[in-house]
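Trainee: I would like a close look at one part of this model, the sheet and the loops that go with it. Please take me through it step by step.

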Amino acid sequence: MEETKKNTNMLKYILSFVGKSFIISIICFLILIGIILVIYFGDLFFNLNSNSKKSPLFNGYVIVSQSMVPTININDGIVVKRIDKDKYKVGDIISFSSSNINYRGLTITHRIIDKKNVSVDNSIYTTKGDNNLVADKSTVLTNQIYGKVLFVIPKIGYIQDFFKRPSNVFILFFIGVALIIIYDILKISNILVKRERVS
């Protein structure tokens with residue numbers, strides 16, 4: 001009897017911990033998404049009002065090639081920040097719209113290996129992937145750059161792939177709801193047991 005009670009209490013504790021952790025994680029995630037959206041749309045609104053064609057202040061991408069290995073691997077996520085007034089420098093890793101005939105319009109993330117100033121606000125950049133033997137064939141103009149890589153989030157691409165499937169989102173939601181329901185049932189049963197003992 002005592003052993004069963006210990007097991008029940010342990011199960012209650014584990015479910016309580018998992019349920020609370022799940023809820024806190026969801027709340028933190030939603031707060032983070034909210035802050036990012038406020039910054040993103042605030043900057044977008046400001047740019048539209050000032051008739052500016054700048055890229056968003058912050059942006060994120062998932063890497064799909066090996067060109068930056070080992071610095072950035074396939075399925076790593078990156079967060080880039082727009083740098084105003086052409087302040088990119090040699091050594092920076094940037095994301096840009098490619099003008100190469102084979103990759104035209106695709107977003108590429110490579111390192112700056114050379115910079116030539118054309119004017120106060122415009123430069124021509126030579127880029128290269130850390131894992132590539134030669135520099136990129138096409139140069140990059142300042143207005144093609146989306147931003148400088150701020151940080152890398154390892155393997156987040158797998159999470160993105162997971163959430164692309166609606167069935168996975170439903171399963172995750174169902175698990176979270178089930179944990180909350182089980183926790184509440186155990187809590188109620190515990191209260192009822194205590195009442196019976198008192199009476």
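Mentor: What follows goes from the strands to the ring pairs, then to the loops, and ends with the helices.

The model is a predicted one. Its sheet is open and has seven strands, placed in the order β1-β2-β7-β3-β4-β5-β6. The pairing in this sheet is antiparallel. The edges are formed by β1 and by β6, residues 140–141, and each of these two pairs on one side only. Further in, strand β4 covers residues 107–119 and is joined to β5 by seven bridges. These two strands run antiparallel. To find the place on the model, look for aspartate 114, which stands opposite threonine 126 in β5.

Next come the aromatic rings. A pair of aromatic rings is described by the distance of the centres and the angle of the planes. The count of aromatic pairs here is three. One of them is formed by tyrosine 61 and tyrosine 146, with 6.2 Å from centre to centre and 35° between the planes, and it is tilted. A pair is called stacked under 30 degrees and edge-to-face over 60, so an angle between these limits gives a tilted pair. Tyrosine 61 belongs to strand β1, residues 58–62, while tyrosine 146 belongs to strand β7, residues 145–153, so the pair ties together parts that lie 85 residues apart in sequence. Tyrosine 146 has a relative accessible area of 24%, so this residue counts as partly exposed.

Another pair is made by tyrosine 88 and tyrosine 125. Their ring centres are 6.3 Å apart and their planes stand at 90°, so this pair is edge-to-face. Tyrosine 88 sits in the loop between β2 (77–81) and β3 (93–97), and tyrosine 125 sits in strand β5, residues 122–128. The two are 37 residues apart, and their pair links distant parts of the chain. Tyrosine 88 and tyrosine 125 are both buried.

The loop that holds tyrosine 88 also holds aspartate 86. Aspartate 86 is not a glycine, yet its phi is positive, at about 55°. Its relative accessibility is 6%, so aspartate 86 counts as buried. Most residues other than glycine have a negative phi, and most peptide bonds are trans.

The loop between β1 and β2 has two features of this kind to look at. Asparagine 75 lies in that loop, and its phi is positive, near 75°. With a relative accessible area of 15%, asparagine 75 is buried. Proline 70 is in the loop between β1 and β2 as well. The peptide bond that joins valine 69 to proline 70 is cis, with omega at about 5°.

Last, the helices. Helix α1 spans residues 2–49 and includes isoleucine 33. Isoleucine 33 has a relative accessible area of 32%, so it is partly exposed. This residue belongs to a nonpolar surface patch of about 920 Å², which has among its members Phe29, Ile36, Phe41 and Leu48. Helix α3 spans residues 166–198 and holds leucine 192. Leucine 192 is partly exposed, at 45% relative accessibility. From leucine 192 to valine 90 is 102 residues in sequence and 69 Å in space, C-alpha to C-alpha.

Technical notes:
Residues numbered from 1 in each chain as written. Predicted model: local features only at pLDDT ≥ 70, side-chain atom pairs only at ≥ 80, totals over all residues. Heavy atoms only, no water. Phe/Tyr/Trp six-rings, centres within 6.5 Å; stacked < 30°, edge-to-face > 60°. Helix = DSSP H or I, 4+ residues; strand = E, 2+ residues; numbered from the N terminus. Buried < 20%, exposed > 50% of the residue type's maximum accessible area, 1.4 Å probe, protein only. Pairing = 2+ DSSP bridges. Patch = residues over 30% accessible without salt bridge, like charges linked within 9 Å, V, L, I, M, F, W, Y side chains within 5 Å. Areas by Shrake-Rupley, 256 points an atom, 1.4 Å probe, with all protein chains shown as cover. Salt bridge = Lys/Arg side-chain N within 4 Å of Asp/Glu carboxyl O.
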